[in-house]
Structure formats: structure tokens, C-alpha cells
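Please look over the two chains shown here before reading on.

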Amino acid sequence: MTSDSPPLPTRRPVAPPLDPEASAALATQPPRQHTEDMATFVSRLRGADSFEASDEELALGGRYRLREVTTTCPDGHALRLLVAEPASIDWPRPALYYVHTGGMVSGTPKTGLLDVLTMADEVGGVVVSVDYRLAPENPDPTPVEDTYAGLCATFELAAPLGIDPERVVMVGASAGGGLAAGAALLARDRGGPVAAALMLLNPMLDDRSDTFSAEQMVDVDPWDRDANVWAWRALLGDRAAGAEVSEASAPGRATDLAGLPQVLVCVGSVETFRDESVRFAQRIWEAGGAAELRVWPGGFHGYEFVAPHSRLAQETWAARRSWLRRVLAE
Amino acid sequence: MHQLAGRLTALDPDAGEALRVIPYFDELLNQRAGLESVVRGIAVLSGAPARLITEGRRLPLRVLPDGRRDDVVTGPDDAWQQVSSADGGIVLCLERPGPSGPVDAMVLERGLQAVRTVHERTHGRYRAPGDRAGELHEVLTDPDAGAVSRAHAARQLGLATDQLVRVVCPLGGTARVVAVVPTMAGADVAATAVPGERCGVGPVVPVERAPESARDARLALRLTAPGTAAEPGSRVVVVDDLGAAIAIAASFDATPAWREHPDLAAVRAAAAHAAWVPGTLSAVASTDSLRSAAAALVVHHSTLQKRLATLEKLLAWDVLSTHGRFRLQVALMLLRLDDTRD
């Protein structure tokens with residue numbers, strides 16, 4: 001065999017077993033379709049039910065009020081921030097700066113917001129959910145810069161929103177996790193603002209999709225490498241998996257993670273994202289930083305949304321809430 | 001991104017979603033889910049609280065439709081939908097009045113099947129409720145059952161590995177193993193026997209030697225009596241009280257010389273002579289004076305003296321003398337053993 005012939009195909013490694021309840025929930029659904037092109041990928045994600053709660057549900061029985069504020073980005077765009085404030089006047093309050101999911105191409109500030117509000121409610125916190133511009137219409141670096149701009153605005157508005165600037169926790173889910181981590185790196189490198197902690201839930205960190213788990217979970221994780229490659233391509237275009245991607249745009253590429261706020265990384269053992277999430281926590285420890293890593297046994301990407309009733313999902317949310325109380329010294 | 005899969009919620013019976021129940025429970029079983037997961041599936045898919053009642057569970061296993069576990073003591077309500085296994089050992093309730101719609105019916109049917117499968121896998125072959133405890137005691141007292149099986153039976157009976165026990169062998173019933181905290185003078189025995197029960201009570205042993213206590217308890221049972229006027233004697237015999245006599249009892253069946261001794265035939269013949277003989281012999285053997293024997297028999301002591309004179313002629317020995325009483329006690333004990341030989 002010569003050195004430039006392709007490697008012999010190896011059998012895909014077997015995935016870890018799925019959690020029974022999460023797997024059973026998946027079993028009731030029609031099989032996943034593969035993506036043929038960018039347009040189909042985008043329309044399928046944007047057309048799917050994103051389980052947004054109604055405004056009435058988000059009010060949490062009157063304990064929260066919703067409103068919108070706007071901040072102006074460096075490029076002149078009017079960035080919307082959805083703010084959920086506790087009705088009580090117990091000031092100043094902690095805040096959760098939330099970056100929603102959607103594979104970089106879909107979702108709104110209300111996507112997954114109810115779960116984040118439930119966490120905030122326990123600590124009497126404000127939630128600021130940023131309406132970052134979506135790819136592919138708004139490619140990198142717009143989404144991560146919007147996320148950074150929203151973070152800055154949250155600190156600037158601390159006084160009128162009754163937020164304690166020492167207790168702002170960034171929360172990012174999936175694509176939003178990648179954006180939150182990226183914005184935290186920008187904040188570190190630009191000298192501020194400094195969040196108290198960073199919660200990364202099943203984060204999308206690395207455009208190269210070249211980890212062991214990315215290969216292992218093909219056709220197993222509903223968000224497998226197939227979908228992941230499309231999402232990164234929507235964000236980065238031809239630069240995806242190439243040499244010119246910044247660390248803020250793909251935080252999984254960053255090797256020096258010193259100087260970040262303390263981090264919670266949550267990921268399932270049956271996720272495409274497992275190994276890049278584990279590596280991220282590992283690098284924080286190597287830099288002497290504080291990180292908590294939770295790898296949920298048998299969880300695929302989004303198990304806590306597909307099977308919210310399952311024992312695994314219940315434990316997952318309980319652990320997240322517990323971490324939040326700890327970092328806010330509640 | 002999680003939008004690529006749908007969220008599992010309560011199934012809509014009007015939208016023909018009942019069939020989605022099947023792959024749900026099939027996959028739970030494929031992935032070796034536990035009982036709580038099965039009950040959770042029933043609650044979530046139907047949208048009503050579900051509870052599982054099985055033998056040996058103090059509280060029902062109950063799950064709410066949002067997935068939270070919440071065992072309670074209240075209920076069940078007769079109006080609720082319910083299915084059970086053929087022997088009634090497994091009962092599944094959906095806390096919603098019937099009649100069952102298509103989703104509820106499918107969920108209960110598949111749920112019951114799943115519970116049975118999981119239960120069999122985790123508790124061994126399923127048995128009817130009544131038999132189960134008796135079987136465990138049988139295994140625990142069986143010298144031919146392996147140590148592992150006996151340890152397993154002990155654990156299922158709630159006995160700790162270092163537990164001290166006595167075995168109680170009731171007449172006509174199964175031997176049972178009773179945990180004890182031994183006291184001086186065997187006062188703990190009071191906790192083991194059921195009032196009025198006729199039984200032999202074995203010695204205190206560590207639980208892994210329960211078969212030995214059972215063997216001795218069975219011997220002690222042979223020495224009990226109905227305790228009536230016609231057949232007087234103790235209904236409960238505790239091995240501790242027998243002393244070395246347990247050794248005699250243990251070797252009786254294998255030793256023809258014991259049962260062939262002429263004293264046994266003599267006492268049997270005397271008993272056939274008159275109705276008062278068995279009671280009088282028992283009273284004399286178990287009391288230490290003429291006066292207390294007469295009191296036990298509720299006769300005038302002169303009546304008793306006349307009877308004793310007759311007995312001396314029948315038996316050819318004086319049952320009132322010291323060695324005569326001992327000789328009578330031995331004969332009566334050997335008679336009881338002979339009468340209960342297999």
C-alpha cells in the first residue's frame with residue numbers, strides 16, 4: 001500500500017447503551033431523515049416544533065414579567081434582548097444570560113426558556129435571552145459577536161434591571177453553548193465583562209467534528225455528525241474545518257482556557273459532542289481553572305427535551321440547579 | 001437541534017396514537033429498564049398517575065404524569081382503571097375512572113406485560129403471594145439447600161447475615177424461622193410461639209445454621225402433647241429445656257432398643273386399663289408431690305393414693321419414689337417419640 005492511498009475502512013466503534021427511558025421515547029418517533037442540502041437542513045430545523053412555552057407559561061404564575069430591551073451592535077444592528085424579571089422587588093438579583101439552541105440556524109429567545117426560567121426562579125434571578133442573528137444568512141462572526149454584545153448590554157443595564165454584576169451566570173444550550181463559550185473567550189481577551197460562571201449544556205464547540213465520539217455516534221445520536229457538519233457549514237461556509245477559524249467561533253479549538261469563569265459542562269455519554277465537551281473541561285483543569293463535568297449515562301443530544309419525564313432528565317436538571325445555587329452562594 | 005426528535009408527551013387517543021405505545025415498552029424491555037421506568041411510561045403516555053402494587057411492597061410504586069416518583073398510602077379508588085396478573089400478585093392502576101379509551105387500554109395491557117417481564121427477571125420465577133413466604137422458610141431450614149440459596153432466602157425474609165434465630169416447628173404447619181434477641185433463661189421464646197400453637201421450638205443459632213435448629217425443633221415437636229385432660233402434657237416444648245434429652249430424641253428412631261424396652265409396653269397396657277390412667281401418670285411425672293399432683297388432677301388426695309396403688313400393680317414399679325418417677329418420665333418421653341415415629 002502506498003502512503004497516499006486511502007486508509008482501510010474500519011468498523012465504526014459501538015456506541016454506549018442508551019438510557020432505557022430516553023431510548024424508548026425516541027422509539028415512538030418516525031426515523032430520522034438524512035440531510036441532502038443546506039436549504040433542506042435549514043427549513044427542517046426552522047419548521048420543527050421547538051417546544052416554546054406560551055407567554056402565560058413563561059410568567060410562572062405571575063412571578064415573572066416579560067419585556068424587551070434593545071441594544072445597538074457595533075455594525076448598527078438593533079439587537080433584541082428578551083428580559084424576564086421577577087415580580088418581586090428584592091434587588092439586586094442574580095442574572096442568567098441565556099443563549100438559546102437551534103444548530104446556529106434556528107430558534108428564538110423563547111426556545112428552551114421555560115427550563116432556564118425554572119432555574120432562575122429558584123434563585124430569584126433575572127433572565128436575559130439574546131436574540132442573536134442566525135446563520136446562514138448571518139455567518140460567523142455575527143452570531144458570537146451578537147452574543148458578546150448582548151452580554152455587555154446585560155452588564156450595562158445592571159442598574160435599571162436590578163442585576164448584581166457580580167452574579168451574572170452565562171447559560172448556553174447546544175449551539176448556544178458554543179456561542180456562550182465563545183463570548184466568554186472574547187470577554188476574557190477584551191478585558192470584560194466578567195461573568196461569575198458559565199453553564200454549558202450539551203455545547204456545540206468544535207467545527208472539525210473529528211473526535212472519537214463524533215465517529216462513534218453516527219446514526220445513533222439524533223444530532224450526529226451529519227447534522228453537525230451542516231450546522232458548522234451554515235455558520236462558517238467554506239472555512240468550516242479549515243485553518244482560518246478563530247477560537248471564539250469554535251471554542252473547542254482553544255487550547256488555553258485560563259482566565260475563564262468557573263464552568264459547568266453537561267453532556268450525554270451517547271452524544272456526538274461528548275469528547276469535545278470532556279476535552280474542554282480537561283483544558284480548564286490543566287489551566288488551573290474550576291470546572292464541573294457531568295457526563296450523563298445513556299443520554300443522546302437533547303434527551304432532556306425529548307424525554308423530560310425520565311429519571312435521567314430529572315437528575316440532570318436537579319444537578320444543574322444544584323450547581324447554580326452553589327455558584328451563586330445560595 | 002433537539003427539534004430533530006419530537007418530545008414524548010401523553011398520547012392523544014383521538015389522533016390514533018395508541019400504537020406508539022408498543023415501540024415504547026418494547027424498547028424499555030430491550031434496554032433492560034426497571035419497574036419504576038415501566039410505571040413511569042404508563043403514567044406519561046396516558047397522562048394520569050399510575051401505581052403498581054405487588055406482594056411484598058409496603059407502598060405502591062407510584063409515578064406522576066410528569067415523571068416524578070410519588071409513593072403514597074391513600075387509595076386505590078374502585079372507579080380507577082385497573083389490570084392485574086392472573087394470580088393477583090401484580091396490580092396496575094391508572095388513577096382515572098374508566099372505561100378505558102384506546103390509549104389507556106393499550107398502555108395498561110403493554111404495561112402489565114412489561115411489569116411481569118421485569119419482575120420475573122429481577123425476582124426469579126413469579127409465584128403466587130401466599131406460597132412465597134412459606135417457600136422461603138422451607139429453603140432456609142432445608143439442610144440440602146445450598147448455602148447461597150439459604151442466604152438468598154434469608155435476605156428476602158429481611159434477616160441480616162449475622163442474625164440469631166430460632167426455628168419454630170408447629171404441628172401440621174411449615175417450619176418458620178424467627179429472629180430473636182436471646183435472653184437468659186430463654187425468655188425470648190415467648191416472642192416466637194403463637195398463643196395456643198402446639199409446636200417445638202429449636203435452639204438459638206446463627207441464621208446460616210437454621211437447618212440445625214429446625215431439626216431439633218422437629219424433635220421437640222414430637223415431645224409435645226395436645227394438653228387436654230385425656231392427653232395431658234405441654235403443647236410447647238423448647239429444646240433449651242430438654243437438655244441432654246434432645247440427644248435421646250435424636251437417636252430414638254435409629255435405636256430399636258429404645259422402643260423395645262418393656263417399660264413402654266407396660267405403660268401402654270396401663271393406659272388401656274382405665275380412662276384416668278394417662279392423666280394421672282402425666283400429673284405424677286410432672287409434679288413433685290402427691291399434693292400437687294392431686295391439685296393438678298383436681299381429685300382428693302386419697303383418691304389419688306388409691307389410683308397409685310393400682311398403678312403400682314399395673315406397672316410393677318412405684319411411680320412416686322424418686323427413681324420410680326424418673327423411670328416413668330423416661331418411659332413417657334420414649335412413648336411420645338414412638339407414637340410420632342414416621
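This is a predicted model: local features need pLDDT of at least 70, side-chain atom pairs count only at pLDDT 80 or more; totals for chains, interfaces and linings use all residues.

Residues are numbered from 1 along each chain as its sequence is written, while chains are lettered from A and ligands numbered from 1 in the order in which they are written.

Chain A contains twelve helices and eight strands; helices (H or I, at least four residues) and strands (E, at least two) are DSSP runs, numbered from the N terminus. Of its 330 residues, 51% count as buried. A residue is buried if 20 or more other C-beta atoms lie within 10 Å of its own, exposed if 12 or fewer, and partly exposed in between, with C-beta atoms placed from the backbone. Two residues are in contact if their C-beta atoms, placed from the backbone, lie within 7 Å. Of the contacts in chain A with a separation of 6 or more, 76% are between residues 24 or more positions apart.

Chain B has 14 helices and nine strands. In this chain, 34% of the 342 residues count as buried. Among its contacts between residues at least 6 apart in sequence, 54% join residues at least 24 apart.

Helix 7 of chain A covers residues 175-190. Its 16 residues reach 22 Å from the first C-alpha to the last, close to the 22 Å expected at 1.5 Å a residue; the expected span is 1.5 Å times one less than the number of residues. Because 13 of the 16 residues are buried, helix 7 of chain A is largely enclosed by the rest of the structure. Just after this helix, A:Gly191 takes a positive phi of about 80°.

The largest nonpolar core has 128 residues. A nonpolar core is a set of buried Ala, Val, Leu, Ile, Met, Phe, Trp, Tyr and Cys residues joined through C-beta atoms within 7 Å. Helix 7 of chain A gives the most to this core, with nine residues. Those with the most contacts inside the core include A:Ala180, A:Ala184 and A:Leu198. Leaving out residues up to four places away in sequence, A:Leu198 touches several residues, among them A:Met170, A:Ala181 and A:Leu260. A second, separate core of 30 residues includes B:Leu140, B:Ala154, B:Ala214 and B:Ala220.

Helix 2 (residues 38-47) and helix 9 (residues 225-236) of chain A pack at an angle of about 100°, with their axes 10 Å apart. Axes are lines fitted to C-alpha atoms, for helices over the stretch in contact, and angles run from 0 to 180 degrees between N-to-C directions. These two helices of chain A are therefore roughly perpendicular; angles under 35 degrees count as roughly parallel, over 145 as roughly antiparallel, 65 to 115 as roughly perpendicular and the rest as oblique. From helix 2, A:Met38, A:Phe41 and A:Val42 meet A:Trp230, A:Arg233 and A:Ala234 of helix 9.

In chain B, helix 10 (residues 262-273) and helix 14 (residues 322-339) pack at about 85°, with axes 9 Å apart. That makes helix 10 of chain B roughly perpendicular to helix 14 of chain B.

Between the chains, 24 residues of chain B are in contact with 35 residues of chain A. Helix 2 of chain B supplies the largest share of the side of chain B that touches chain A, five residues.
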